[in-house]
Amino acid sequence: MPHYAGAVPLLTEPTLPLDRVTDVVSTDASLRRFLHGLPGVDQVGAEARAAMLSTRSIKTAAKQFAIDLAISIIDLTTLEGQDTPGKVRTLCAKAQRPDPSDASVPAVAAVCVYPDLVAVAKAATGPSGVKVASVATAFPSGRASRAVKLADTADAVAAGADEIDMVIDRGAFLVGRYRAVLEDIVAVKQACGTARLKVILEVGELATYDNVRRASWLAMLAGADFIKTSTGKVQPAATLPVTQVMLEAVRDFRAATGRMVGVKPAGGIRTAKDAIRHLVLVNETAGEEWLDPRWFRIGASTLLNDLLMQRQRMTTGRYAGPDYFTVD
Amino acid sequence: MSDVTPRLAVQKTYKLYIGGRFPRSESGRSYQVSDATGRFLANAAMASRKDVRDAVVAARKAGPAWSGASAYNRGQVLYRVAEVLEGRRGQFVDEVVAAEGLSVGTATSLVAAVVDRWVWYAGWADKLAQVVGSSNPVAGPYFDFTVPEPTGVVGVVAPQSSSLLGLVSVLAPVIVTGNTAVLLASERRPLPAISLAEVLATSDVPAGVVNVLTGRTAELTPWLAAHMDVNALDLCGLTDTALAHAAEEAAADNLKRVLRPSTADPDGRAEPDWSAEPGLERMTAFIEHKTVWHPVGI
């Protein structure tokens, strides 16, 4: 199997300078022409490549590095109707010091909560450097008017959110009203101010890899700082081939425009093994530069404990048990 | 010249039993098992530490459903095991003859004792709580009960010489009370353990309640003993005193309950007399007593 199976041929010249972006997004027709002109995803090739990369054996020192890196790129998430300020404070404490018995464990990248709990999370994380991310825009369905979505976003930003995770209007995307989706994202981006914007594509509802590629480009053209796979409320969520298609999109987008965009798989990544497979995929698809909390995140909650158990297994030489880690 | 082609015998591959499935060792290793006279019998899987890890995960996963089943239900499942065991007596007689070098007559009565032993323990499933539990008189307006609960995941090092009766005598008491087990079979006589696993797999015992590993006892025991997600250890089959001490030390890290190897002999090599009527000790070693105070009049 060729090494590049399933990958889009890399665009060599920056073929999409900023003034051309404005052209592309100016009308529904030009946007559709552009998105449908993207090369199709070779589904079999993409899945085979992801499966091949997931057989990479990462051991000893490389595994230690991968586990610490994986911990430091986690968006520790709680998005439940039953969330309380107490639970968010507990989560923030865990985010800053994931393993109380081992100070060498790095802090996670961010905590991710609903907008009404941003203030609590902000107070609990303080100056620790752990960012506070908030979902907004009528998460998880996104079924609300633009005014409501903007108010939701403004609310979270005013409460101090460093990052906003918005959902796209999948209904509009699937019927081909790309311009409406784009305008949504542009408006939310504006409401974010200095907060970084992650755009959730909800790949479980997009049906094909071609759609995932188009939605990724659409979000990036609209100014997303990050593209994120899923809300975590719909299955399937973050699978390796989907993440790969999105990584190819950010890679090609940078080649075309010079702007770097991050990727965040979320939902369904529960074991250290899964996380390490994603890191391999990042390294092999987008490149080493993306192996950084600024450009790659994993949205998860149970994953952290498994990483900590693996880490403890490597430092103590015995298998760890879940009884000795916090329940979250 | 005979017109009948001699039948080509089908050789059996003895594999591990983890989570209700029969995988080969993760490591791909195997080792040769010989009969009592030293003749080659079969290849058995040589489990690695990762197989121990997988077995513990499977045992942990099976725990809630097995310990949550009613005592009556657990008893019925174990009776069913005895029924299936009874139907395969011939196979076990052959395997015990090969493994332990007994005469067919002795082996036949031994296998009968195995089935009887299993039935004996199955009967205790819904009776042990009455015997070791209690209603306690207290100086206050409370009902006060003590009830036995399973300890959790129990690592069992099976007896090295008694490959079937000894095996059943250490395994049955662990699972009858609702524990789940990771069992290291006798290193040189592992085949009856795998055949027993086949019986368990076909007789309503939920996947993961019993997991059987074959391989080097000295290699696997330290990983099992140090594993933080194992709650108790039965070191019955550890013939090496130094190894047993090391296992006890490792077990202390998370306060595992430990049933020590028999020390009837000064060098600790004697196995208990498995033909004797067992007491409750092997069951009570792996239960926790929970005492509940309930106010009267509410």
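Trainee: How many residue pairs are in polar contact across the interface of chain A and chain B?
Mentor: The rule finds three, both residues of each pair being at pLDDT 80 or more. That threshold applies because this is a predicted model. In a polar contact, N or O atoms lie within 3.5 Å.

Trainee: How many salt bridges are counted between chain A and chain B?
Mentor: One. B:Asp253 and A:Arg318 meet there through their side chains.

Trainee: Why is the meeting of B:Asp253 and A:Arg318 called a salt bridge?
Mentor: The N to O distance is 2.5 Å. The cut-off is 4 Å between a side-chain nitrogen of Lys or Arg and a carboxyl oxygen of Asp or Glu. Here Arg and Asp are the partners and 2.5 Å is within 4 Å, so the pair counts.

Trainee: How many residues does each chain bring to the contact?
Mentor: Chain A brings 10 residues and chain B brings 11. On the side of chain A that touches chain B, four are nonpolar, two polar and four charged.

Trainee: What area do chain A and chain B bury between them?
Mentor: About 1000 Å², with 51% of it on carbon and sulfur atoms. This is accessible area lost on putting the two parts together, summed over both, so the value covers both chains.

Trainee: What makes A:Asp75 and A:Lys198 a salt bridge?
Mentor: Their closest N and O atoms are 3.0 Å apart. The limit is 4 Å, so this pair qualifies too. A:Asp75 sits in strand β1 and A:Lys198 in strand β5, 123 residues apart. Over all chains, the structure holds 39 salt bridges.

Trainee: Which residues lie nearest the centre of the largest pocket?
Mentor: A:Thr271, A:Lys273, A:Asp306, A:Gln310 and B:Arg53, out of 41 lining residues. The space in this pocket is about 1400 Å³.

Trainee: Which elements give two or more residues to the lining of the largest pocket?
Mentor: From chain A, α4, α12 and α13; from chain B, α1. α1(B) gives the most, nine residues. By class, the lining has 15 nonpolar, 10 polar and 16 charged residues.

Trainee: How do you know which class B:Arg53 and A:Thr271 belong to?
Mentor: Arg counts as charged and Thr falls among the others, so B:Arg53 is charged and A:Thr271 is polar.

Trainee: What is the volume of the second largest pocket?
Mentor: About 470 Å³. Of its 24 lining residues, A:Thr77, A:Glu80, A:Gly232, A:Ala300 and A:Ser301 are closest to the centre. α5 and β8 of chain A each supply at least two lining residues. The lining splits into six nonpolar, 11 polar and seven charged residues.

Trainee: What is omega for the cis bond joining A:Gln235 and A:Pro236?
Mentor: About -5°. A:Pro236 lies in the loop between β6 and α11 of chain A. The bond from A:Phe139 to A:Pro140 is also cis, with omega near 0°. A:Pro140 lies in the loop between β3 and α7.

Trainee: What is phi of A:Thr60?
Mentor: Near 40°, a positive value in a residue other than glycine. A:Thr60 is in helix α4 of chain A.

Note on methods: Residues are numbered from 1 along each chain as its sequence is written. Chains are lettered from A and ligands numbered from 1 in the order in which they are written. This is a predicted model: local features need pLDDT of at least 70, side-chain atom pairs count only at pLDDT 80 or more; totals for chains, interfaces and linings use all residues. Side-chain values use heavy atoms; hydrogens and water are left out. On a 1 Å grid over the protein atoms alone, a cavity is a set of points where a 1.4 Å probe fits but cannot get out, and a pocket is an open set with protein on both sides within 12 Å along at least five of seven lines; lining residues have an atom within 4 Å of a point. Grid points are joined across faces, edges and corners, and a volume is the space filled by probe spheres set on the points. Helices (H or I, at least four residues) and strands (E, at least two) are DSSP runs, numbered from the N terminus. Contact means heavy atoms within 4.5 Å. Buried area is the accessible area (1.4 Å probe) that two parts lose on being put together, summed over both. A polar contact is a pair of N or O atoms within 3.5 Å; within protein, one must be able to donate a hydrogen and the other to accept it, and residues adjacent in sequence count only if both atoms are side-chain atoms.
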